Amino acid sequence: MKHLLFLLLSFSTFAQDIHFKSILVDTHNDCLTACIEKKVSLDQDLTGINHSDLARFKKGGVDYQLFSIWCDGEKANPYAWAMREMDSLYAVAARNPDKVVIAKSWKDIQRALKEQKLVAQFGVEGGHMIDSDLQKLETFYNRGVRYMTLTWNNSPGWASSHADEKNPDYKGHRGLTDFGKTVVKKMNQLGMIVDVSHVGETTFWDVINSTTKPIIASHSNAYSICPVSRNLKDDQIIAIGKNGGVIHLNFFSGFVDVDFFKKDAAFRKNHAAEIDFLIHSGMQTEYAFTAISDKYPLESDAIKPDLEQLMKHFDHIVKLIGVDHVGLGSDFDGINSAPKQLKTVLDYPLFTQALIARGYSNRDITKVLGGNFLRVYKANEKKN
């Protein structure tokens, strides 16, 4: 650990140079949901409120953000909620045309990057938000959705989630139904990337056998390092490599270090009354946990893993399938805990420093920070 810290300090200036010259793509950030829940706007200074805001994306070196569109399985009219979340970013973009562009093509992306504006697109986190309607899927695409996570923890009826597949009481279909395979086919045709984070293993293998395009895991880690069902087993990692896809590292402490859950359970128990109050006041459960973690930073920081633990996931994936298949999917603003050093979007350069400390070349670092995703994006984009 001392050796790593020394290298991080020694390479700091060098890392800044590589970091800000590279195109950094983060495939998963929940700040739109967080802004709605907290009644704030992304173009405000949200320091101390959110992990992210428009100004801090720039300061952290983020060039291209896929904004998560999320609600849990209990949300009434999830399609309308998804549209509301997209509307919120369109409003921010309209107020800040010199800072952000909702890009709908490779040309849009290139133009925005050249003009040093934030490239913004959407990733729908949960197939339940299309209401089993392919027309709604197409509407999402037309609004700028460029990937869809087939399931969140709940199952939409045509694909089974990781949570349901491990639940002995789950009686629904396992894997993709015929309609689910049609969804994958439609996504391939549209140019919408199939995302396998959150899906069950049966669904995962059905996707591998159905898709004609490279896929992503927008925010997942390695099961071998942290054995939770949200992480990918070695055979799944190898399959994504063979598919030409990319696994984007999730910063959530519980998917980085399995011991976090016991510590977090104790923390939540200590603040159960406040959490219950927030939930009963209308806040979604995931954000009630986050709000309490933010309220008690010393307690929540004490149970977080170190950045080095996240890098073990990176090393494991690279060992299995190479550096061409790893990226970043932080899950910022959708998580209540990340490695100690990765507190907000301002801290991305520390990840770059960790790559330098491991001896990766500039070319490899550029791939990891965003080049790998850009390759998958171009492979999926519909040819006109």
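This is a predicted model: local features need pLDDT of at least 70, side-chain atom pairs count only at pLDDT 80 or more; totals for chains, interfaces and linings use all residues.
Ser197 sits in the loop between strand E6 (193-195) and helix H10 (201-210). Its relative accessibility is 1%, so Ser197 counts as buried. Two of these contacts can be described further. The side chain of Ser197 makes a polar contact with the side chain of Ser220, at 2.7 Å. A polar atom of the Ser197 side chain also lies 3.0 Å from the backbone nitrogen of His219.

| Pair | Closest N and O atoms |
|---|---|
| Lys38 and Asp294 | 3.7 Å |
| Arg111 and Asp108 | 3.2 Å |
| Lys367 and Asp324 | 2.7 Å |

Lys38 and Asp294 form a salt bridge that links distant parts of the chain: Lys38 is in helix H3 (residues 31-38) and Asp294 in helix H15 (residues 285-295), 256 residues apart. Lys38 is partly exposed at 23%, and Asp294 is partly exposed at 38%.

Arg111 and Asp108 both lie in helix H6 (residues 106-114), three residues apart, which is about one turn of the helix. Arg111 is partly exposed, at 45%.

Lys367 forms a salt bridge with Asp324. This pair also links distant parts of the chain, with Lys367 in helix H19 (residues 362-380) and Asp324 in the loop between helix H17 (307-321) and strand E9 (326-328). Lys367 has 18% relative accessibility and therefore counts as buried, whereas Asp324, at 31%, counts as partly exposed.

Terms used. Residues are numbered from 1 along each chain as its sequence is written. Side-chain values use heavy atoms; hydrogens and water are left out. Helices (H or I, at least four residues) and strands (E, at least two) are DSSP runs, numbered from the N terminus. Buried means under 20% relative accessible area, exposed over 50%, partly exposed in between (1.4 Å probe, protein chains only). A polar contact is a pair of N or O atoms within 3.5 Å; within protein, one must be able to donate a hydrogen and the other to accept it, and residues adjacent in sequence count only if both atoms are side-chain atoms. A salt bridge is a side-chain nitrogen of Lys or Arg within 4 Å of a carboxyl oxygen of Asp or Glu.
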